[in-house]
Amino acid sequence: MTDSCAPGDALPCRLGTGEFDAGQPGILLVDDHPLMLATQARLLSGMGYRRVGTARSAEAALALMRPDPAAVDVLICDLNMPGMDGIELLRILDRQGFGGGVILLSGEGARVLQTVQRLLGRGQLVLLGALEKPASREGLRGLLDDWTSRAASRPAPKVRPPFTEEELRTAHRLGEWVLHYQPKVDLGNGSLASLEALIRWQHPEQGLVMPDRFIALAEACGLIDPMTEWALREGLAQIARWRGAGLDTRVAVNVSMASLDAPDFANRTSAIVKEMGMQPRDLILEVTESRLGESSTTPLENLVRLRVQRFGLSIDDFGTGHSSLAQLRDIPFTELKVDRGFVRGARTNAVIRPILEGSIEMARRLGMQSVAEGVETQDDWRLLQEVGCDLAQGYFIARPMPAEQVVEWLSAWMARRPALVANSG
Ligand code: G
Ligand code: G
Ligand code: MN
């Protein structure tokens, strides 16, 4: 018995790129039921897909893909199979760096899909969606079209060597950090509540470098404290400049848990505020938990002391592994930022919507302001208004921008505002 497509197989098996197939996605169907496999393969070829292969087990799929994993663009995969199941297959492919799209054939519903998505969240693999078996022509068409448009817009991945500690220290010494600012606005009346300062590295050769490429290194080599102090000073100086120009606002600065473990963090921070002639309430400290040991009570002590002085305290990326209910219990935060993973597309997602609404309700009952991050569409915005979220931040409102652009953005936003809020007066 053949368990993968082999010579003599009645099914079309043409994963290799033939001259006439240029631009056609390579599709591999994996299912343990021969009849299902045959029907779905026929459906795909009826839809005009010419590079369709089949495998009757996960093991067979791996064997088939081994010579040229890139020949498969989209894997259509049953979840429940004897032997190796679909999830293990995806995990192995993910680890091998498979960067194709995946369609799950399963009637397991949204929650299983969500979990599989998370399992695969770290790799390159793109989960396109799940379809009930047998998959319909329309269902397949939608997900495969989605893949085609993603593939067209996907930039070629740039592989860059990581920065070294020495490069980072030099950048600090030469003053190559800049802050960009992203507004948080009131969902009720559209007013500007505060601006989050996000650090970037103005690199002499590479241009603007994003923090995900250097924050972890800064934490590891002890440069995060001087960097945060710089960001605090610069953010406060910017508030003063904006006030000079007639814009009164607060700034939120990101602080790693690593910095909060230093016993003198609260003292140093309030000294900086005094030195700059500002008030603690001008600042919001956005705290993201890093993988630091939870044994130390120093961060808690720092945060309580800062709160007593009336600094704003925000729990960032709430809902992700390192930003938890226990922190909500232990630390007197004033603001809860729901992670964007619970915001984008929440209206139609039966898993994330209850979590979003629950987080907002929790913030309200704890007397905190709720902020939704990653608000990308008007539909996200409307839903947040409906569920009573206080503030919104995201590309729909504005991308992070240099300080000089903020005043101009604000006047454009004021013009957009009447259409977006009930009470713009
Ligand atoms: O800005 P994006 O712009 O790429 O920022 C990504 C992440 O980098 C943010 O979620 C934030 O946690 C972190 N980050 C940005 N600026 C700073 C900063 O000044 N200090 C610290 N510790 N983290 C920052
Ligand atoms: O976790 P923190 O809030 O500090 O993250 C800010 C990060 O989120 C920055 O990298 C910023 O560029 C990014 N960001 C801001 N708004 C949006 C958005 O609407 N969508 C997405 N995908 N990212 C956003
Ligand atoms: Mn933040």
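Analyst: A residue is near a molecule or strand if one of its heavy atoms lies within 4 Å of it. This is a predicted model, in which local features need pLDDT of at least 70, side-chain atom pairs count only at pLDDT 80 or more, and totals for chains, interfaces and linings use all residues. Residues are numbered from 1 along each chain as its sequence is written, chains are lettered from A and ligands numbered from 1 in the order in which they are written, and side-chain values use heavy atoms, with hydrogens and water left out.

User: How many residues surround ligand 2?
Analyst: The closest residues are Gln182, Asp317, Glu373, Glu376 and Tyr395. These belong to a surrounding set that numbers 15 residues.

User: Which residues coordinate the manganese ion (ligand 3)?
Analyst: Donors are N, O and S atoms within 2.8 Å of the metal (3.2 Å for Na, K and Ca), and water is not among the atoms, so sites may look incomplete. Along the chain the donors follow the spacing E-x57-N-x31-E-x29-D. At 2.1 to 2.5 Å, the coordinating residues are Glu196 (OE), Asn254 (OD1), Glu286 (OE) and Asp316 (OD).

User: Is Asp316 buried or exposed?
Analyst: Buried means under 20% relative accessible area, exposed over 50%, and partly exposed in between (1.4 Å probe, protein chains only). Asn254, at 28% relative accessibility, counts as partly exposed. Asp316 has 5% relative accessibility and therefore counts as buried.

User: Which residue of strand 11 is the bridge partner of Glu286?
Analyst: Strands (E, at least two residues) are DSSP runs, numbered from the N terminus, and two strands pair if DSSP finds at least two bridges between them. Strand 10 (residues 283-288) runs parallel to strand 11, joined by four bridges. Six of the seven residues of strand 11 are buried, so this strand is largely enclosed by the rest of the structure. In strand 11, the partner of Glu286 is Ser314.
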